[in-house]
Structure formats: structure tokens, C-alpha cells
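Q: Can we go through this one together? I'd like to start with the whole thing and then pick out one part.

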Amino acid sequence: MTWDQWRYARLLPAAARSLGRGATYATLVATIEWGRDRARRVAACRRIQGWLGVSSVRASRLHWQCLWSEAREEADAAFFMRHPDALADAFDAEVALPTPTGSMIYAGLHLGSPVLGYLHLCRRFAPDLALIARAIDPDNPMPADKRRFAEGKVAWVEATAGRPFFKTDATSMLGVRAHLRAGKPLYLLADVPGDAVGRSAACTLFGETVRLASGLSTLVRIAGSAVQTLAITREPRGFAVRPGPRLAPGEVDLPAVLHALAPFIGDFPDQWWMWPYLPTAIDSARG
């Protein structure tokens, strides 16, 4: 049995039994993933050192913590899929987040627990909130057990939210535009790597030029939407929605949104999963 089979067929179902087991799962997965993928580790540590100005030892520790955060998000999702009633009490109820007035895009990061945060936003602030995300591509060489978990997670999120995801293909974009023009809100993650989509833009983060998906700017342009930036962090006793700046339609482009979101990366570098994955503009040009 391969590591991925053990992880998704044996370890993750066991982690779903309790939050304590989820923490153990995250520790084991982070330790194994940290050791087995040297190229990812080197890329992450180099970027962490360059962006944050920390030592190599600190950068290595932060990368391990990010792997822990990403694995813990899996375990949390598995737990709440098995114990859905527990999700209502998992978030800080005192967050001051403006409810949407007119067309609104909630823009977050691959940080903490973005999908659980989406479900919380649906329940607390915006019952019509829709999520836009890449589909699970049938051609993706994802291990079968991981694919089964991912497909089950998508089905659970859609059922809990009461609506399907909007995908990122051209046909779905027509639905997204109609959704926004009807005054309904949308939730997306702004830090999607530029090599994962058809259109991207060069943006500067912490002094480095990287390529990110450019769809956010297009949506704002065609729908006249405001953008509420936020991050969903995992706290010792649950989760928190942390609002960032709210940008009016005329203030929104991708660099402005990233400028508003960047402090979350600086404040929670141990929960941002994308350190090794963002291509630089130079890498993209060479490719």
C-alpha cells in the first residue's frame, strides 16, 4: 500500500472520529510530507526566507507548520462531514463582517480553513453566497483514494451550502456574471497560481513578481462588484473570520486585492499553504 493510500484510505477516516485525532493526523502527515518532497521544501523555504527575512531554521519550521495546517484542514473537513451539527459552534460568533449590499465578492486566501469559512459565511452573513472553484479534473493524476475524499468533500459542501460550485470554465462564467448582476455575493480565493488557469497576471507580493489567476479583475469589471477581503484562520479553540479592507468597485484590480490580503500572509505565515506553488513571472515566461 502506498503512502497516499494509507493517508486517505486509513489515516484520514480515523482522523474524522475526533478533533484530537485530527491534530495527530496533521502532525504525522506534515512530518512525512516535509521529508518526502525535497523540491517543495526547498522552494517553500527559499520564498519564506526572501519574503519574511527569517532564518533558514525558522523558514523550515514555518513550512512544516503550513503542511500541518493543510493536513489539519483535511482532517477538520472529514470530522465535520461526520459530525455536521458541530460546525455551528466552531466559529467565533462575534466577528464584525459587513453583510453584502448589492454585488459583493468575498476574496480570501488558501489559508487556514477557507472551505469551512465559506460554509460559515453562508450561514451567518449571506445565504445566497456562491463559491467559485476549479473542478476536480478527471485527467488529474490524483490517487484514487484522495479523489474519493475530494469528491465527497465537494458533494458535502454543496449540500450544506444548498447550491453547487461555480466552476472556472467559460460556460460557468456566464452563470457567475448573472449571479453577481442579480446582486448576489460570490466567494473566491485570490491566490490561485497563474499556471493553473487559462489567464493570469503578474503581481508583486513581498517584493517578488508572481503570476496569479486574473479572473477576479474580470469579474469586477463585468459585474461592478465591490470586494470584501478576509481570511479564515484556525485558532486553538476553533476558527475565526478576519475581515480585511473593503474595496469599492472603482478601487478593485488584482494588485489592489493582493495588497489588502498580504498582511494576512505576514500575520499567519504558518497557515498559508501556497509558499512553494506560486510561479514567478520569469518562470512563466520561460515555460
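Q: What does the accessible surface of the protein come to, and what share belongs to carbon and sulfur atoms?
A: This is a predicted model. Its accessible surface is about 13400 Å², and carbon and sulfur atoms hold 53% of that.

Q: And what percentage of the residues count as buried?
A: 48% of the 287 residues.

Q: Let's switch to helix 9. How many residues does it have, and how far does it reach?
A: Helix 9 covers residues 254-267, which is 14 residues. From first C-alpha to last it reaches 20 Å, close to the 20 Å expected.

Q: Where does helix 9 bend?
A: At A260, by about 35°. A proline, P263, follows within four residues.

Q: What happens at the start of helix 9?
A: A side-chain oxygen of D253 comes to within 2.8 Å of the backbone nitrogen of A256.

Q: Which residues of helix 9 are buried?
A: L254, V257, L258, A260, L261, A262, F264 and I265.

Q: What covers those buried residues?
A: The cover includes helix 8 (215-223) and several strands, among them strand 1 (104-108), strand 4 (200-205) and strand 7 (238-247).

Methods:
Residues numbered from 1 in each chain as written. Predicted model: local features only at pLDDT ≥ 70, side-chain atom pairs only at ≥ 80, totals over all residues. Heavy atoms only, no water. Helix = DSSP H or I, 4+ residues; strand = E, 2+ residues; numbered from the N terminus. Expected span 1.5 Å × (residues − 1). Bend = angle between axes of the 7 residues up to and from the residue. Buried < 20%, exposed > 50% of the residue type's maximum accessible area, 1.4 Å probe, protein only. Contact = heavy atoms within 4.5 Å. Polar contact = N/O pair within 3.5 Å; in protein donor to acceptor, adjacent residues only side chain to side chain. Areas by Shrake-Rupley, 256 points an atom, 1.4 Å probe, with all protein chains shown as cover.
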